[in-house]
Amino acid sequence: MRNISYAASPLLASKTPVWRSKFIVAMLALAFIVLIARAAYVQVIDNAFFQRQGAVRFERTIELPASRGRIYDRNGLLLASSVVAPGIWADPEGVRKELDKLEPSARQQQQAKLQQLAKLLGMPPAELNKKLDAGERNFAWLRRQVDKSVADQIAALGIAGIYQRKEYKRRYPEGEAAAHVIGFANVENKGQEGAELSFEKQLAGKPGSRRVYKDRLGRVIESVGDDVPPIDGQDIQLSIDSKVQFFAYQKLRDAVTQHKAKSGSVVVLDALTGEVLALANYPSYSPDNRSRLTGSQLRNIALTDTFEPGSVMKPITVAMALEAGRVTPQTVIPTAPGSYQLDRFTIRDTRNYGSLTVEGVIQKSSNIGSLKIAQKLTPREMWDTYTALGYGQKPDLAFPGAATGRVRPWKSWKPVEQATMAYGYGLSASLFQMAHSYTAFAHDGRVIPATLLKSPSGQPVDGTPVFSEKNARAVRKMLALAAGPGGTGQRAQTVGYSVGGKSGTARKQQGKGYASNKYRAWFAGMAPIEQPRVIVAVMVDEPSNGVYYGGAVAAPVFSEVVQQTLRIMGVQPDVAVKPEIVAEQVPEPF
């Protein structure tokens with residue numbers, strides 16, 4: 001082999017200047033200094049921008065849901081509560097990538113798990129695939145608020161890309177019986193109807209939050225800082241008695257079914273405190289299952305719908321005249337020959353009653369007697385009393401959609417309009433307004449405020465005076481006559497308790513006139529009559545099974561609800577056990 005002498009190379013033999021090597025070392029040192037300075041600047045001196053960018057990409061705020069407050073009845077029985085019901089969501093991209101990297105056999109197993117997932121979620125596999133394909137790249141809801149047991153089974157499948165979020169779902173133990181009072185909350189746990197909506201602020205609570213880092217697949221890596229714990233909603237206690245509510249709903253439902261009616265409503269008030277003990281409508285709905293819910297089922301007819309109340313207004317007309325000193329209970333009112341001509345209108349009674357006392361006008365429900373009593377009053381006097389009783393006014397009740405009704409300004413009344421208002425035509429009111437106005441008779445002349453919340457003291461409230469105590473008691477006596485032998489509301493009598501009330505049968509409006517074969521049957525009254533504890537109002541819309549008078553359709557519902565309510569309240573019976581009903585029931589005129 002040839003020997004080579006590297007030292008003999010002229011390149012290697014040449015001497016490199018010292019300054020060049022020093023320059024290179026200096027440049028390297030300067031580069032390291034610049035890098036260190038830049039790192040210090042980025043990480044220590046001005047790191048806010050880069051932290052913001054990192055937070056935008058990977059830091060997220062997770063909402064910690066608050067548990068919605070519970071709703072109780074007056075006796076502490078649960079009407080609405082929240083249970084854990086996780087929401088199931090997917091990372092579509094993660095699911096697809098997991099499938100793509102699996103071997104054929106493992107992929108078949110994963111597909112089988114996805115089919116089982118679809119079954120647990122109650123959807124066809126095609127629908128699940130559609131959700132996974134149509135969702136956002138990293139997020140798609142599969143099902144909100146599933147039962148905890150189902151969520152546990154889904155978690156056990158261990159499907160990559162399928163996750164759960166803690167949510168709450170409302171449960172309503174009383175079901176359709178209390179649906180229109182309690183209402184419901186939506187999937188976002190926000191009140192939509194009834195007490196759930198009225199008391200949303202108290203029930204909702206305040207959600208908490210947690211700051212976390214997530215990877216690109218949306219998985220939580222670690223928490224950042226301290227959690228802000230959620231503040232659960234407040235519990236509320238309603239004035240509703242769930243036993244009274246259920247019984248009232250049951251009897252109303254039976255009456256609507258028996259008489260082949262369109263709908264019906266019942267309102268029960270505590271005559272001493274103004275508390276709403278029951279408020280039921282039929283048809284109703286199940287708050288726990290709203291998949292086939294219709295608008296008509298949602299309507300809280302007792303509060304939101306207004307009608308011409310008919311003869312149940314006659315006691316108010318009489319009370320006005322008593323208060324104004326124009327009549328006494330024994331004043332005689334001529335009603336012969338059973339018809340009365342006013343302008344071009346003819347007003348009729350169901351028969352010729354001849355001459356009736358004021359008490360007799362209420363007992364026999366005479367239209368002519370009522371209008372002649374109203375003619376002794378001025379329109380202003382009547383309008384003032386209607387307003388004081390709450391007609392034409394929005395009810396002061398914490399409830400959504402409560403109707404105001406309609407009472408036209410008194411200056412525009414014509415004589416015939418004043419006459420028809422005397423027996424309940426030409427003005428409109430809700431069933432709740434009718435029940436509330438009767439507190440003036442039950443509470444010795446004072447209208448008391450109504451409430452959906454349980455009274456803290458449970459003591460009688462004072463109220464606003466409308467009639468004198470003497471006149472209120474006189475009207476109560478007339479209501480007892482109307483519900484007694486020979487009256488139009490005999491079937492309102494109940495076992496063991498004295499009752500008083502007024503039936504009504506009003507033709508339904510149709511176009512500019514009235515339908516010839518469509519009616520609303522009413523009954524409003526109280527018990528026991530000497531010292532009233534409850535006020536009950538009943539309305540049945542369009543009974544069509546051959547009987548449509550309020551005394552025959554609505555009064556029996558009143559009777560059963562009153563009897564059961566007073567027993568639940570522990571009120572002692574005050575009369576003989578057996579009601580006295582004469583053979584022929586007197587129908588009330590329209």
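Ser239 is buried, with a relative accessible area of 0%; buried denotes under 20% relative accessible area, exposed over 50% and partly exposed the range in between, computed with a 1.4 Å probe on protein chains only. The structure is a predicted model, in which local features need pLDDT of at least 70 and side-chain atom pairs count only at pLDDT 80 or more, whereas totals for chains, interfaces and linings use all residues. Residues are numbered from 1 along each chain as its sequence is written, and side-chain values use heavy atoms, with hydrogens and water left out.

Ser239 is placed in the loop between β10 (236-237) and α11 (242-258). Helices (H or I, at least four residues) and strands (E, at least two) are DSSP runs numbered from the N terminus. The side chain of Ser239 reaches the backbone oxygen of Val276 at 2.7 Å. Beyond residues up to four places away in sequence, Ser239 touches Arg74, Glu275, Val276, Leu277, Thr451, Leu452, Leu453 and Lys454, contact being defined by heavy atoms within 4.5 Å.

At the level of the whole protein chain, 23 helices and 21 strands are assigned. Of its 590 residues, 47% count as buried. Among contacts in the protein chain with a separation of 6 or more, 72% come from residues 24 or more positions apart.

Several strand pairings were examined in turn. Two strands are taken to pair if DSSP finds at least two bridges between them. Strand β2 (residues 71-72) runs antiparallel to strand β3 (residues 78-84), and 2 bridges join them. Within this pairing, Tyr72 has Leu78 of β3 as its bridge partner. The hairpin of β2 and β3 has 5 residues between the strands, and Gly76 there adopts a positive phi near 85°. β3 also pairs with strand β7 (residues 168-171), in the antiparallel sense and over 4 bridges; here Ser81 is partnered by Arg171 in β7.

Strand β4 (residues 87-90) is joined to β5 by antiparallel pairing over 3 bridges, in which Ala90 has Ala140 of β5 as its bridge partner.

Aromatic residues were also considered. The structure holds 14 aromatic pairs, where rings of Phe, Tyr and Trp (its six-membered ring) pair if their centres lie within 6.5 Å, with planes under 30 degrees apart counted as stacked, over 60 as edge-to-face and the rest as tilted. Trp89, Phe139, Trp141 and Tyr163 are linked into a cluster by ring pairs. Over the face of Trp141 lies Arg144, at 4.3 Å from the ring centre; the criterion for a charge over a ring is NZ of Lys or CZ of Arg within 6 Å of the ring centre and within 35 degrees of the ring normal.

Another antiparallel arrangement involves β19, β20 and β21. Strand β19 (residues 500-510) and β20 pair over 10 bridges, with Thr505 opposite Ala521 in β20. The hairpin of β19 and β20 has 2 residues between the strands, and Gly511 takes a positive phi near 65°. β20 and β21 pair over 8 bridges, and Phe523 stands opposite Val538 in β21. A hairpin through 6 residues joins β20 to β21.

Most residues other than glycine have a negative phi, and most peptide bonds are trans. Asn189, in the loop between α8 (179-182) and α9 (194-198), has a positive phi near 65° and counts as buried at 14% relative accessibility. Ser365, found in the loop between α15 (358-364) and α16 (367-374), likewise has a positive phi, of about 60°, and is buried with a relative accessible area of 0%. The peptide bond from Ala336 to Pro337 is cis, with omega near 5°; Pro337 is placed in the loop between β13 (332-334) and β14 (339-342). Ala527 and Pro528 are also joined by a cis peptide bond, with omega about -20°, and Pro528 lies in the loop between β20 (513-527) and β21 (534-541).

Key. Polar contact = N/O pair within 3.5 Å; in protein donor to acceptor, adjacent residues only side chain to side chain.
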